[in-house]
Structure formats: structure tokens, C-alpha cells
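Here is a short briefing on one protein structure. Look it over, then read the points below.

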Amino acid sequence: LREFHVPGCKMVRFSHGGHMFAAINKAVVQVYSSYSTQAQASVLKGHQGQVTNLTWSQNDLRLATCSAAGEVFEWKMDTMTRDHARDS
């Protein structure tokens, strides 16, 4: 069992495999590794408004996020980058 301190966290979602989780912190999403000693894997930035929800793809290779500003982004978890071709 491990503890993670995520200030300002409003929501957490674990990947289907349980090896990662994503935490909403205002306009950014912090992605963490559940198993490794590297606590924070990445910070996903790009939303202009407060991130309000997120969901993992069934295979955990992508993460979709949406904001109060109406933005919906899809992130590639292998590179921790936004998939601009799939942004709405």
C-alpha cells in the first residue's frame, strides 16, 4: 500500500489494469504510476478551463479529458502527449 499526496485533487480514476491513475488538479491532469517508485509519471497540460472529467480507454493506451470550457482532449499514454488529430 502506498500513499500519494495530490494537492487540490478533485477526482481520481485508475486505469483498467490498475498500473496507473490520473488525478484532476484544476486545469491539469497528473498521471501517476501505481507500481513504480516514480510517483508522478507526467502532467498533462493544455485545457483552458477546469478539467471536469476523465476516462481511460479499455486498453489503457489513451486517456480522454474534458473541461468546463467545453474542450475534449485525447492523450496518448505511451508518449504522454495530446493526440491533436482527435481533439474535438
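Is serine 34 buried or exposed? Serine 34 counts as buried because its relative accessibility is 16%; buried means under 20% relative accessible area, exposed over 50%, and partly exposed in between (1.4 Å probe, protein chains only). This is a predicted model: local features need pLDDT of at least 70, side-chain atom pairs count only at pLDDT 80 or more, and totals for chains, interfaces and linings use all residues. Residues are numbered from 1 along each chain as its sequence is written, and side-chain values use heavy atoms, without hydrogens and water.

**Around serine 34**

- Serine 34 sits in the loop between strand 3 (28-33) and strand 4 (40-44). Strands (E, at least two residues) are DSSP runs, numbered from the N terminus.
- Beyond its neighbours within four places in sequence, serine 34 is in contact (heavy atoms within 4.5 Å) with Arg2, Phe14, Gly18, His19, Met20 and Phe21.
- Glycine 18 is 16 residues away along the chain, and the two C-alpha atoms are 7.0 Å apart.
- A polar atom of the serine 34 side chain lies 3.0 Å from the backbone oxygen of glycine 18.

- Four strands form an open sheet in the order 5-6-7-8, with antiparallel pairing. Two strands pair if DSSP finds at least two bridges between them.
- Strand 5 (51-56) and strand 8 (81-82) are the edge strands, as each pairs on one side only.
- Strand 7 (residues 72-76) pairs with strand 8 over two bridges, in the antiparallel sense.
- Lysine 76 has threonine 81, in strand 8, as its bridge partner.

**Glutamate 74**

- Glutamate 74 belongs to strand 7.
- Glutamate 74 is buried, at 14% relative accessible area.

How values were computed: Polar contact = N/O pair within 3.5 Å; in protein donor to acceptor, adjacent residues only side chain to side chain.
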